[in-house]
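Open the model in your viewer and keep the selection tool at hand. The stops below say what to select and what is there.

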Amino acid sequence: MSFLAPFFLFGLLAAAIPVAIHLIRREKPPKIIFSTLRFIKSTTRKLILFQQIQQWLLLALRAALIVLLVFAFARPLFDSNMGSLLDAEPESLVLLLDTSLSMRYGDRFDTARTEALAALDRLSAGDEAAVITFSSAVETVRELSTDIDALRSFINALDSPGYDRVQFLPPLRLADDLLASARHSKRRIQMISDFQANGLPETERTMLAPGVAFEATQTSTGSSRNLSISDVRSPAQLLSDTSEYDILVRLRSTGSQLLSNGRVSLLIDGETRVSEVFDLGDTSETVITLPVIFEQAGSHTGEVLLEGDEFSADNSWFFTIDVLPRIQVLVLNGAPSANWYDDESHWLVLALEGRGETPFDVQTVARDEFEASMLAETDVLVVLNMDDPGQAAMAQIERFIENGGTAFLAPGDQVNAERFNSRFGNIAPGQLLQTELMRGNDYLLLAEIERRHPALRPLEFDWTARFEGIWSVQAKPETEVLARFDNAMPALLESSVGAGKVMMFASALDLSWSNLPLQGLFVPLMHESLRYLVQPESRQSAYQVGDIINLQAYLDNETELLLSAPGRAYQQLRVDASNPSLTFPGPGLFRQEGSEAQRFFAVNIDPAAAELLQIDPALLHDRIINPETTPQQTEQIRTQQLMQEIEQPQRIWWWILILVTVLLAAETLIANRTYR
């Protein structure tokens, strides 16, 4: 038996009222002093017993009247198969479980796990379900299955949330695709999340298939208080003699309530260098300047550490800095000139040293001033407008390059091709053929630039550099031509000599043959070319959690790359030549093991992942629900409607009221006879 209005059953307590009245009104026989009993009429015991039975029957009728009236208002119905009727429509459910960084706050993820298990417990036999965990993208998928116990085990075995931001639409699209092949027509998606505000983009749209219902379960609706590092500005490279550098740290209060006080510290190579207390005041963010001095050249690691809140997942920011020694440049000037505008070394030195901070220390010597001992302190040798440094000097130059030194050659207008090829033939990337001088107002331009080359990749080439004179060059077979003039002649060449490298520019670096020294291209071209010859290519070392990166460039000659992050749960990561791609699972400083030079990868969270502001799930519901989908009623409403449908033909309460009428007539009759 079931009841449509079970709250009326509390009225059964009123059945105690007749009993109470009966007990209260029960009369005790009075004691009367009388002289004799001969005049008292005697009553038989049988009559007294009959009157007691009438009174008890009357009491039972009155209590029954109240009970039956309560049952009538509660509207009883009989159906022995009610459970099967309620479960007559099986369901296909997809659970979406948020595992982004914000779910680490407080007990949000534990609440989400509990809600997910409760959703599975509400399923009935024959229902099917799937589970998808997601953050910025789908992470794990358990497809639709009737094995609910296996899904429970999967949810119980989930690790703590990751460190990525959240995006709601990608998992919703996948859930919609899964339900397209569902066995049941009743299909529902239940998303369990804290509904981080920035997880719903304003422009991106998606719409579920018609008939797919959406239910949102919010794990936390309370306030949040959090401090977060949103950005750190630090250089990738510094010069070793830089006296002091400022690390800029942007701090924000990212919770729903302002948290203004905290402490920020700067650690270099694991050692605290500076620590400051800050106060945001009435603002939500501020920028802190942390000065630091690097005493030694080499690779250094840095960490900005934030203290003052209860959410530590976003309180660290990692970075790396390469402190480089200054590049020692020795310029061998073959044609010094009293007129500075005709002196190639003047323009080169001006470009390399300029007036600001540059990584170059330049020493210029003429042919007669050159000594072999100068090469011991030289990183790159620049030979300008010279065809014959002398046999002994040339031997020292060749030995310098073969042992790992580098050189940049620029034969100018004073060079004899035959002498140059004789002396520099062993190291030059090509042979000089002859000079080509343009006539009238004709000129040549740089063309066919190898823009993927490390020295040329940062440059922006235009048509302003005009060449009226060049050297025709025949490149050697092993030489790489990095740029050509628009007459197809090589302009910039590179070759390897032993352990060293040599680059050659097929024109002059003064104003005799071109206006190149006056153009914006000249300074960056010289800087990048010489830096490339001396320093290894700067490789990216800063990443965000979730980035898919290719580490092929870091494998070098190794078949396997091992990265370690001490103190982290993900202590070792491996990639190999067959699969060099990797996704960093969390923030930290990852060290490349086994490499001769210490190499670190700094990995940080996306600052947007630490934003703890929430949205009303109704906004997401309205964005994705299909207009053709009938709103899904709750289980209680559906049960109530089904019970009303079953009760409609029975109308048991009518019969109860008829019985009440009969009993009321019987009660009246018995009451009149009992107390008459």
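What covers the buried residues of helix 7? Strand 16 (327-333), strand 17 (360-366), strand 18 (380-384), strand 19 (406-410) and helix 10 (522-534) are among the elements that do. Before selecting them, note that this is a predicted model, in which local features need pLDDT of at least 70, side-chain atom pairs count only at pLDDT 80 or more, and totals for chains, interfaces and linings use all residues. Residues are numbered from 1 along each chain as its sequence is written, and side-chain values use heavy atoms, with hydrogens and water left out.

**Stop 1: helix 7**

Select residues 344-353, which make up helix 7. Helices (H or I, at least four residues) and strands (E, at least two) are DSSP runs, numbered from the N terminus. The buried residues here are E344, S345, W347, L348, A351 and L352. They lie on the same side of helix 7, because they cover an arc of only 160° around the axis; the arc is that of the directions from the helix axis to the C-beta atoms. Buried means under 20% relative accessible area, exposed over 50%, and partly exposed in between (1.4 Å probe, protein chains only). An α-helix has 3.6 residues a turn, so residues three or four places apart point the same way. Next, select G354, which follows helix 7 and has a positive phi, near 50°.

**Stop 2: helix 7 against helix 10**

The axes of helix 7 and helix 10 are 9 Å apart, and the two pack at an angle of about 75°. Axes are lines fitted to C-alpha atoms, for helices over the stretch in contact, and angles run from 0 to 180 degrees between N-to-C directions. Helix 7 and helix 10 are therefore roughly perpendicular to each other (65 to 115 degrees; under 35 counts as roughly parallel, over 145 as roughly antiparallel, and the rest as oblique). From helix 7, W347, L348, A351 and L352 make the contact, and from helix 10, F522, V523, M526, H527 and L530. Contact means heavy atoms within 4.5 Å.

**Stop 3: strand 24 and its two partners**

Now select residues 490-497, which form strand 24. Seven of its eight residues are buried. Strand 23 (residues 480-485) runs antiparallel to strand 24 and is joined to it by four bridges; two strands pair if DSSP finds at least two bridges between them. Pick V481 to find L493 of strand 24 opposite. Four residues lie between the strands of this hairpin, and A488 takes a positive phi near 80°. Strand 24 also pairs with strand 25 (residues 500-505), in the antiparallel sense, over six bridges. There, S496 stands opposite K501 in strand 25. The hairpin of strand 24 and strand 25 has two residues between the strands, and G498 takes a positive phi near 60°.

**Stop 4**

Six bridges join strand 8 to strand 10 (residues 245-253). Select D231 and look across to R250 in strand 10, which stands opposite.

**Stop 5: T301**

Finish at T301 in strand 14 (residues 298-307). Its relative accessibility is 11%, so T301 counts as buried. Leaving aside neighbours within four places in sequence, T301 is in contact with L267, I268, D269, F319, L589 and F600.
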